[in-house]
Amino acid sequence: MEKPPVEMTLAELVTCCNQEMARYRRKEPSNDQYSLEILRRAVVNQDEQAWLVLQRLFSDNIRLWMGRHPNREAALRHESEQSYIDDTFRRFWQAVSDQKLRFSTLGGALSYLHLCLNCAIMDTLRAFSRSHIEPLPDYGQGGHEEPFVEDRYHENELWEIIKTILPGEKEQRVAYLHFHCNLKPREIIHYCPGEFSGEDEIYRLKRNIMERILRNSDKIRWRMSYNER
């Protein structure tokens with residue numbers, strides 16, 4: 001009888017995970033508990049070897065997504081493919097660590113990893129667009145602009161300050177995905193299935209976030225100026 005994933009060695013998990021990942025890519029029924037156990041050990045147990053294994057297992061997925069991305073050529077003019085892969089894992093690690101994200105399916109984990117790649121590409125293109133005064137390629141966005149806090153929002157210092165004025169995990173999630181990753185409500189629903197009841201909830205949370213930011217604008221400016229001293 002096969003041992004449950006929690007009792008397997010990392011090497012045993014990798015063997016099973018490779019087999020199941022191959023089935024997953026062929027869209028065949030697969031058991032995602034092996035990869036989720038590796039992810040649990042990497043994030044919850046802070047197991048460095050498990051994290052390195054996870055990167056090896058998922059790197060091919062990122063390369064595949066990168067190859068299909070509509071802004072691939074523009075993105076690769078600024079950074080190498082490996083740089084985007086590294087940045088994707090950095091963002092994924094930061095999200096699962098800071099926001100205490102837990103995934104119940106392999107599809108959910110891969111969907112969020114895909115989101116992190118999109119954010120890495122979009123941020124790079126946005127940064128070079130500003131510095132070279134070039135138009136930013138549009139990644140499937142609508143014609144009108146959504147409310148935006150400010151260009152510096154994605155900087156860690158400001159994000160840490162804003163997190164202190166947002167009361168719950170959902171507000172922080174929406175703030176990160178909308179203002180930092182520049183995702184529309186429908187895209188947030190797509191990349192985070194089951195987390196929100198629908199687009200109406202996203203819009204309601206966005207309104208709450210904006211109201212809190214406006215009410216605390218003096219506090220935010222003071223904290224920013226204090227930290228710059």
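This is a predicted model: local features need pLDDT of at least 70, side-chain atom pairs count only at pLDDT 80 or more; totals for chains, interfaces and linings use all residues.
How many aromatic pairs does a search of the whole structure find? The search finds three.

1. Trp51 and Trp93. The ring centres of Trp51 and Trp93 lie 4.8 Å apart with their planes at 55°, so this pair is classed as tilted. Because Trp51 belongs to helix α3 and Trp93 to helix α5 (residues 81-98), the pair ties together parts that are 42 residues apart in sequence. With a relative accessibility of 13%, Trp51 is buried, whereas Trp93, at 27%, is partly exposed.

2. Phe92 and Tyr112. A tilted arrangement is also assigned to Phe92 and Tyr112, because their planes stand at 55°; their ring centres are 6.3 Å apart. Phe92 lies in helix α5 and Tyr112 in helix α6 (residues 106-132), and the pair thus links distant parts of the chain, 20 residues apart. Phe92 is buried at 1% relative accessible area, and Tyr112 is buried at 2%.

3. Packing of α1 and α3. Two packed helices are described by the angle between their axes and the distance between the axes. For helix α1 (residues 10-25) and helix α3 (residues 48-68), the axes come within 12 Å and cross at roughly 20°. An angle under 35 degrees counts as roughly parallel, which means that α1 is roughly parallel to α3. The crossing of these helices is right-handed.

4. Residues at the α1–α3 contact. Helix α1 contributes Leu10, Val14, Cys17, Asn18, Met21 and Arg25, which meet Gln49, Ala50, Val53, Leu57, Phe58, Asp60 and Asn61 of α3. By class, the contact comprises eight nonpolar, three polar and two charged residues.

5. Lys27. The backbone at Lys27 deserves a separate remark: its phi is near 60°, a positive value in a residue other than glycine. Lys27 is located in the loop between α1 and α2 (33-43). Its relative accessibility is 77%, and Lys27 therefore counts as exposed.

6. Gln46. A positive phi, of about 55°, is found at Gln46 as well, although this residue is not a glycine. Gln46 sits in the loop between α2 and α3. Is Gln46 buried or exposed? Its relative accessible area is 53%, and Gln46 is accordingly exposed, since the class begins over 50%.

Methods. Residues are numbered from 1 along each chain as its sequence is written. Side-chain values use heavy atoms; hydrogens and water are left out. Axes are lines fitted to C-alpha atoms, for helices over the stretch in contact, and angles run from 0 to 180 degrees between N-to-C directions. Helices (H or I, at least four residues) and strands (E, at least two) are DSSP runs, numbered from the N terminus. Angles under 35 degrees count as roughly parallel, over 145 as roughly antiparallel, 65 to 115 as roughly perpendicular and the rest as oblique. A crossing is left-handed if the near helix is turned anticlockwise from the far one by less than a right angle, and right-handed if clockwise. Contact means heavy atoms within 4.5 Å. Ala, Val, Leu, Ile, Met, Phe, Trp, Tyr, Cys and Pro count as nonpolar, Asp, Glu, Lys and Arg as charged, and the others, Gly among them, as polar. Rings of Phe, Tyr and Trp (its six-membered ring) pair if their centres lie within 6.5 Å; planes under 30 degrees apart count as stacked, over 60 as edge-to-face and the rest as tilted. Buried means under 20% relative accessible area, exposed over 50%, partly exposed in between (1.4 Å probe, protein chains only).
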